[in-house]
Amino acid sequence: MTEIFADAYAHACDAVDPLRHFREEFHLPLHAGGTQAYFVGNSLGLQPKGARAHVEEVLDKWATEAVEGHFTGQAQWMTYHELVRDPLARVVGALPQEVVAMNSLTANLHLMLVGFYRPTRERPLLLMEAGAFPSDRYALESQVRFHGLDPAEALIEVEPDVDGGTFSMAAIERAIAEHGPRLAAIVWPGVQYRTGQAFDLGEITRLGHAAGAVVGFDLAHAVGNLPLQLHDSGADFAVWCHYKYLNSGPGAVAGCFVHERHARTARPRFAGWWGNDAAVRFRMGPEFEPTPGADGWQLSNPPILGLAPLRAALEQFDRATMAALRAKSERLTGYLEQLIDAGLGDILQVVTPREVRQRGCQLSIRVIGGRERGRDLFGFLASRGVLGDWREPDVIRISPVPLYNTHADVLRFAASVREWRDAR
Ligand SMILES: *Cc1c(COP(=O)(O)O)cnc(C)c1O
């Protein structure tokens with residue numbers, strides 16, 4: 001047994017982790033009298049203990065003040081979404097007026113496409129990755145149909161060219177070059193949900209813009225996972241959710257970025273009263289004058305109860321900082337990779353790129369020997385309180401999250417895989 005498989009090694013790493021105290025700020029799911037090794041923060045982040053106070057504050061305000069709650073105190077509901085604006089801008093590397101928390105991810109993707117996918121006879125094409133998250137594909141395909149176009153012709157799905165289902169930058173560049181003169185827009189993931197591959201947003205934007213296309217990103221698996229520089233990337237728009245690495249609860253209010261250069265855009269949009277300039281909103285007149293910036297894309301007065309946990313989550317990101325989280329994340333995921341390479345290579349094969357720049361915290365791990373064997377291992381891990389998630393036909397995704405996972409968690413995964421192998 002190599003040293004890295006020793007409990008003492010994992011504990012020593014955790015003891016010098018400068019972010020170790022954040023774990024105590026989360027509710028950890030239980031298993032057999034202890035806690036789970038929870039690796040599914042890419043699906044639903046754990047609950048920050050601070051979330052409850054923010055939710056209760058809203059409930060109390062509603063109970064005691066009712067409609068007046070819109071206008072009283074620092075956390076008044078009229079401007080409640082502004083409370084998350086600055087910390088959210090810091091997490092994604094944007095100017096405050098470029099971001100807004102609103103709606104859900106897929107709804108925001110549709111709203112952005114209404115404004116930014118404007119096919120013409122010369123440029124009808126919408127380009128995305130093959131094997132995208134289903135909701136994104138449904139959204140893009142239905143947008144293409146909405147314009148009276150045939151997805152078989154107007155929706156371009158770039159096939160991965162690397163074994164394991166990842167993309168070389170050359171493949172993306174080739175696709176953009178091939179379709180360039182006919183491209184209206186590109187929608188690409190920040191981190192691909194199935195493989196965990198991270199992309200260079202600035203480079204994809206540069207290539208897309210050079211070809212004359214609009215470029216937008218789905219950052220569902222990137223936000224809170226990787227340090228982002230959305231403004232500097234030059235992307236036209238981006239959308240994401242807050243229930244994965246942003247720990248804001250099931251179905252949490254989502255996020256949206258519109259680059260500053262579009263702050264006063266004449267692009268068409270689907271409008272609602274909350275996007276109207278706040279100065280004139282309550283005149284309740286017939287004309288729509290959008291608030292400059294991302295706020296102008298809002299439709300409705302926001303679900304305050306849905307926004308409340310986001311305040312607690314963002315406050316943690318501000319204290320931890322994305323730079324420190326990323327440094328720990330590289331160590332933690334690097335440890336997982338080391339354990340697999342050193343002792344589990346006969347069972348597990350990492351699909352996620354080995355290059356650190358090309359991944360976040362998640363490793364997508366193929367179980368060698370096929371689906372049945374993979375399901376058996378996955379079930380065994382769950383029985384040991386080690387929770388990843390399963391992706392057909394033979395992949396287990398393991399996401400060590402630097403805010404609450406530990407080296408001991410990661411070792412518990414590896415030790416459980418060994419236990420399974422020895423018992424078979
Ligand atoms: C999680 C995820 C979604 C989920 O969409 P919702 O609208 O939040 O239900 C969509 N797209 C991607 C890429 C995701 O990772």
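Modeller: In this predicted model, a polar side-chain atom of Lys244 lies 2.5 Å from an oxygen atom of the ligand. A polar contact here is a pair of N or O atoms within 3.5 Å; within protein, one must be able to donate a hydrogen and the other to accept it, and residues adjacent in sequence count only if both atoms are side-chain atoms. His221 also places a polar side-chain atom 3.1 Å from a ligand oxygen atom, while an N or O atom in the side chain of Asp218 is 3.4 Å from a nitrogen atom of the ligand. The residues around the ligand (one heavy atom within 4 Å) include Leu105, Thr106, Phe133, Asp136, Ala220 and Tyr243.

Contact (heavy atoms within 4.5 Å) joins 32 residues of domain 1 to 25 residues of domain 2. Across this interface the rule finds 12 residue pairs in polar contact, both at pLDDT 80 or more.

Residues are numbered from 1 along each chain as its sequence is written, and side-chain values use heavy atoms, with hydrogens and water left out. Because the model is predicted, local features need pLDDT of at least 70 and side-chain atom pairs count only at pLDDT 80 or more, whereas totals for chains, interfaces and linings use all residues.
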